[in-house]
Amino acid sequence: MITGRMTGALRDAGLSALIALGLFAPLIGLLTENGEHGLGLRGRPFAVAVVVVLVFLGRLIMLSRAPRTVAARAEGPGLAMRRAGRALAPALLVFALLLPLGGSRYYVDLATLVLTYIMLGWGLNVVVGLAGLLDLGYVAFYAVGAYSYALLAEAFGLGFWTCLPLAGIMAAFAGILLGFPVLRLRGDYLAIVTLAFGEIIRIVLINWVSLTHGPSGITGIPRPTLFGLAFSMDGGAGTFAGFFDIEPETIQRVTFLYYVILALALVTNWFTLRLRRTPLGRAWEALREDETACRSLGINVTNTKLTAFAIGAMFGGFAGAFFATRQAFISPESFTFIESATVLAIVVLGGLGSQLGVALAAIVMVGGLELLRSFLSFLAENLGSDLFAGIANELPLYRMLVFGLALVVVMVLRPRGMVSTRVPTVTLGPA
Amino acid sequence: MLAAAGLTMRFGGLTAVADLSFEARAGEITAVIGPNGAGKTTVFNCITGFYKPSEGRIALTHPNGARFALDRMQGHRIASRARVARTFQNIRLFAGMTVLENLLVAQHNALMGASGFSLLAVLGTGRYRAAEAQGREKARHWLDRIGLIDRADAPAGELPYGAQRRLEVARAMCIDPVMLCLDEPAAGLNPRETDVLNNLLLGIRDDGCSLLLIEHDMGVVMRISDHIVVLDHGKKIADGSPAEIRADPAVIAAYLGEGDEDGVAA
């Protein structure tokens, strides 16, 4: 019996190793080199052998573990896990508040980027996670927000804090504009039209040169101020450094921007969490579950959908305005489909409708990808041994591969996203 | 209460309902019966605004005298203004939401008004909290009546089939309807569950809500109906009290079938 299982496992592992051989022989085993007579090929049989053996052993270890039953999988996280989960959100918040104290510009910049995506994820979560309307063109609202701020600042000299609500309102209007034609569509059809909408906005931005300067973009977008204090390098009286009588440094502005996006993201989170517990929020979730039943209960499906589009778009607009002020330069290049796809992946990976899940997914997808890159570069620099030198130098090139693999693993292990538990919006109190 | 006159519904070349006129009286349970494909659900969809009738009128008169032309109203207004609630042949609960949430979604319009279109609710004002507490009380009342008070915070999709049927009725009742339309409420229920449902429906009628019922289970129809309309091929072939319908030769020929034991005997 046991020997039978052993042979089965060995055969399975051997098969995996064979597939690995076929896959990695050309990927790793062949290296192109600039030789004397032009481009030459160098074989690396040893590196391939190492990878194949690793796959063989890995598969064996995987098979030797007791198979998990379907029931165990459906049970979900245990009590300890859940308790840890409850502590996770406050811990993340404290970490986020304290992060700039580390003083590393690299990490503050990275965290700002992550927070931008968290905010976008939370905004899209309203549309996709709560209302169940699959939106593949979310980047359009991000673009509308960014361009609203940039153009208002350019034409009227308005500051960031004046334009922020305006950018949100503009994006919300864009959301309603998109909402009207797609009211009757569901599922795949809705997704296609929203995808098209995202592209339309981008192409309009490229071609409406007189307004948007076309592909060359808009430069010199003003930075935000802290109660009127600018973060400029001259250290004059009206600046942050001048007011507090300290040496002007770039890190001050970077840190300020970080706290701005942190505050924006937290407001988004607070608003969404509150909204979810209102009749409107419940109607969104009901709409996701069954549109026909909603109608039979007297819910105005049209208005409910439009508010979901508008509010989701509004948060996208806020994030866009922040993006514009942070970069000080925007062009249509920043608003391609891949951005929509990334934000949607964050929402799906995190768990539809889960705020914490979206935050975790954004940290992993945006922050993790970047950290992986720097880690692999670090490995490449420090793995001095001849054995791996060849592979190590290429390690950073494999980051997308590792990343894609991680996505697949998460989706296999937790098909409903990292955080798939749903908290009821209301419970029946004591009689 | 509800009067349909000359109701006709055509889908392309197919006439599902032809020149149907009937009346459902206030405070009664009116059953619509007929063989499969007779057009019962089509009639329901016309009344509740899911279809626009090709011809004919459907008029609803509230007990307070307000009149509504259902054939000309938008779908969701029929529920929110004319107060006609319905259930579905295939249960349509919000399966991922809890039992209590299902009942609160049904009170959407009342709560929306109290919450200033949810803006006040986001800010957490006392007025909304009071309204929501009231909504919870109404839900609690219905949970008591359908015997699901212990499952209030469980996802609706996890309830047993019979409980889901009852919950759908309770959810429809949470919009405070003057008329409740039930599309085969007893389908798939065991005899004990059917009895519970019968009592629930009779209780709803005694509270003053009129019921319109599509049902295949003749036991249910004969026991609780005050009035029966029989359809066949989109036309009305009989209309009367259960006793009259049982004796009507046209009905027996078209639908009940001669010597059909579980039919007339009940």
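Domain bounds here come from an automatic or database domain assignment, and chain A is divided into domain 1 (7-67) and domain 2 (88-413). Taken over C-alpha atoms, the centres of domain 1 of chain A and domain 2 of chain A are separated by 39 Å.

Before going on, a word on the ground rules. This is a predicted model, where local features need pLDDT of at least 70, side-chain atom pairs count only at pLDDT 80 or more, and totals for chains, interfaces and linings use all residues; side-chain values use heavy atoms, with hydrogens and water left out. Residues are numbered from 1 along each chain as its sequence is written, while chains are lettered from A and ligands numbered from 1 in the order in which they are written.

Now let's look at where the chains meet. Counting contact as heavy atoms within 4.5 Å, chain A brings 32 residues and chain B brings 41 residues. Together they bury about 3,200 Å², with 64% of it on carbon and sulfur atoms; buried area is the accessible area (1.4 Å probe) that two parts lose on being put together, summed over both. On chain A's part, R295(A), L297(A) and L428(A) supply 23% of the area buried against chain B, more than any other three residues.

Salt bridges (a side-chain nitrogen of Lys or Arg within 4 Å of a carboxyl oxygen of Asp or Glu) turn up here too: three of them cross the interface of chain A and chain B. In one, R92(B) pairs with D290(A) at 2.8 Å, N to O. In another salt bridge, the closest N and O atoms of R422(A) and E101(B) are 3.0 Å apart. That pair joins two chains, because R422(A) lies in the segment after α18 (399-413) of chain A and E101(B) in helix α3 (residues 99-105) of chain B. Helices (H or I, at least four residues) and strands (E, at least two) are DSSP runs, numbered from the N terminus.

How accessible are the two partners? R422(A) is partly exposed at 26% relative accessibility, whereas E101(B) is buried at 0%. Buried means under 20% relative accessible area, exposed over 50%, and partly exposed in between (1.4 Å probe, protein chains only). Both also belong to a network of salt bridges that links R276(A), E285(A), R288(A), E289(A), R422(A) and E101(B).

Chain B has salt bridges of its own, including R10(B) with E55(B) at 2.7 Å, N to O. This one links distant parts of the chain, with R10(B) in strand β1 (residues 2-11) and E55(B) in strand β4 (residues 55-61), 45 residues apart.
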